[in-house]
Amino acid sequence: MKDVPVLVYFQGKGRAELSRLIFTCGEVPFDDQRLSFEEYGQMRSSGELPFGQLPILKLGDTVISQSCAIARYAAKQAELYPIDHLQAALSDMIVDAWRDLQDLLYGCYVDRVVEQGQFIMKMRDASVKVKRLNEYFATSVPMHLEKLEQLITQNQASSFLVGSSLTWADIAVFDILCIYDHTGKLWNDPTAFAYIPEPDGPYQPPKDLLQPYPNLETLKSTVSQIPQITAWLQSHPY
């Protein structure tokens, strides 16, 4: 019997939610293992993490690291990775942009440095977080969303980003758009990573962020209505 993939990450969505959504959408069974920071520290000290980071995907005795590599594997298993080589490259490009936006967002909160051969995340002061978030939503986000909006406009085959049907690229964009929802737990739950307490916070993204991007707004709605995604979000809301 083939081993069920084990996806290991923290309690939040972060860099693992894309793979969770892909597995879920493709109805690929997987074990969604969520760790505390203490458990993560123990795994890192034991040498179980190839690059000292999460997420990882366990496939029997093999461990895969790096969020895009894991999501690409999931997409192929879920049959959401394009067969056509050009479309595959375009989908890779979009998911790399998803990763860029994730990295830039995390950079608003932490300074990632290497100390004694390990990645260390040093939290920024709340006022610095707010300043960086304002810059992020004023510059980086519109630049990326404009390009993604154009890709949908240029795709004559469908209202998706690549080709004539849903791919992992659409789910990646759906994930980042959900993160930007100002009503989400990420911004309003005091236990969430992105929450900034008073007096500097709570911080919320712009409420009308998607107004200039009707194609992206439609894409978000379309993906949210996929039955498997709908069911997942009911029990795992953003």
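Which residues form a nonpolar patch on the surface? L86, L90 and M93 do so, with about 280 Å² of accessible area together, an area that comes from the Shrake-Rupley method with a 1.4 Å probe, where only the protein chains shown count as cover. A patch is made of residues with over 30% relative accessible area and no salt bridge, like charges being joined within 9 Å and nonpolar side chains (Val, Leu, Ile, Met, Phe, Trp, Tyr) within 5 Å; a salt bridge is a side-chain nitrogen of Lys or Arg within 4 Å of a carboxyl oxygen of Asp or Glu. L86 is found in helix α4 and, at 61% relative accessibility, counts as exposed.

This is a predicted model, in which local features need pLDDT of at least 70 and side-chain atom pairs count only at pLDDT 80 or more, while totals for chains, interfaces and linings use all residues. Residues are numbered from 1 along each chain as its sequence is written, and side-chain values use heavy atoms, with hydrogens and water left out.

Helix α3 spans residues 67–77, and its residues S67, C68, I70, A71, A74 and A75 are buried (buried means under 20% relative accessible area, exposed over 50%, partly exposed in between, with a 1.4 Å probe and protein chains only). Seen down the axis of α3, these buried residues fall within an arc of 160°, so they line one face of the helix; the arc is that of the directions from the helix axis to the C-beta atoms. Helices (H or I, at least four residues) and strands (E, at least two) are DSSP runs, numbered from the N terminus. The buried residues of α3 pack against several elements, among them β1 (6–10), α1 (17–25) and α4 (85–109).

In helix α1 lies R20, which is buried, with a relative accessible area of 0%. Leaving aside neighbours within four places in sequence, R20 is in contact (heavy atoms within 4.5 Å) with residues including Y9, D32 and W232.

The structure holds 15 aromatic pairs. Rings of Phe, Tyr and Trp (its six-membered ring) pair if their centres lie within 6.5 Å, and planes under 30 degrees apart count as stacked, over 60 as edge-to-face and the rest as tilted. Two of the pairs are set out below.

| Pair | Centre to centre | Between the planes | Type |
|---|---|---|---|
| F137 and Y180 | 5.4 Å | 75° | edge-to-face |
| W187 and Y203 | 6.1 Å | 50° | tilted |

F137 in helix α5 and Y180 in the loop between α6 and α7 are 43 residues apart, and both are buried. W187 in helix α7 and Y203 in the loop between α7 and α8 are 16 residues apart. Ring pairs link Y136, F137, Y180, W187 and Y203 into a cluster.
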